[in-house]
Amino acid sequence: MTIYTVKPGDTIDAIAASYNITTDTIIYNNQLSYPYRLAVGQALLLSTGASEADRRTVIAGGYAYPFIRRFTLTETLPYLTNLFIFSYGFTVTGELVPPALDDEWMISLAKENSTSPILTLTPFGPDGMFNNYLISVLVNDMEVQETFISNLLETIRRKEFEGVDIDFEYILSEDRVAFAKFVENVRQAVNGIGYPVSVALAPKTSDNQPGLLYGGKDYGLLGEAADSVLLMTYEWGYTLHHATRLSSRKSKPCHFTHCRCPIPLHKPPSPPCAPAK
């Protein structure tokens, strides 16, 4: 990538020709609008200098509710690896509760764009809020858990999902080990039919950070239990913290400098993503 500063007399066509790139990439990278007027001193991002050997594969995902506008989803899907469909709940007897609105059109549209539709699990109670009683029953009652996993696999097969994301929050601290074992059990079952399982985690600044979002989650155990972890960096906004730059540093037990917790290096975090509406 190159940052180019616009000079007098510059045009999109002239800049593209000079750097042997297409005008479309300049327009897209810089979100320029027709008739593409440029201002002297304006900085443009140019896609230059990257050989195939320098390129990396990026796994991109986003949450979306079934009430998302079809146009918005259609425009976004070509850039997503995974579409996390939000969301499926469950009862205290292990029955799966689908979204109130039909989600099958989203699954079909995702597949048409070579994007994997992911079933997102959330423990929402009747009030629409996270319910730690539901979680406690599910992770500790093996009969309920077996029924739940059976129903989960049936739904994945019937609706043709291509993975599961477990987004449980406000877990009781006494359920942290049982929750990690539950994630492992789900992962083994879903892997058995050929699909991956991720677990969503709130970012934290230390392994012993207190708070409702952290007490019930053992990040080390969950990193081992799931195929990947998804760090919900947008949680900083919910808790009124300033966003902080993330960077890759192999010397840390986790790939993010502001998630200093024992997530194994061989389980790289999935990219952070916020709900699309």
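I looked up Ser116 and found it buried, at a relative accessible area of 19%; buried here means under 20% relative accessible area, exposed over 50% and partly exposed in between, with a 1.4 Å probe and protein chains only. The model is predicted, with pLDDT of at least 70 needed for local features and 80 or more for side-chain atom pairs, while totals for chains, interfaces and linings use all residues. Residues are numbered from 1 along each chain as its sequence is written, and side-chain values use heavy atoms, leaving out hydrogens and water.

Next I checked where Ser116 sits: strand β6, residues 116-121. Strands are DSSP runs of E, at least two residues, and helices are H or I runs of at least four, both numbered from the N terminus.

What does Ser116 touch, leaving aside residues up to four places away in sequence? I get Thr81, Asn82, Leu83 and Glu162, with contact meaning heavy atoms within 4.5 Å.

Then I moved to helix α4, residues 104-112, where Met106, Ile107, Leu109 and Ala110 are buried. An α-helix has 3.6 residues a turn, so residues three or four places apart point the same way. I noted that the buried residues of α4 pack against β3 (61-64), α3 (70-76), β4 (82-90), β6 and α6 (142-159). Just after α4, Ser114 has a positive phi of about 60 degrees.

I count nine helices and eleven strands in the protein, and 45% of its 277 residues are buried. Of the contacts between residues at least 6 apart in sequence, 69% join residues at least 24 apart.
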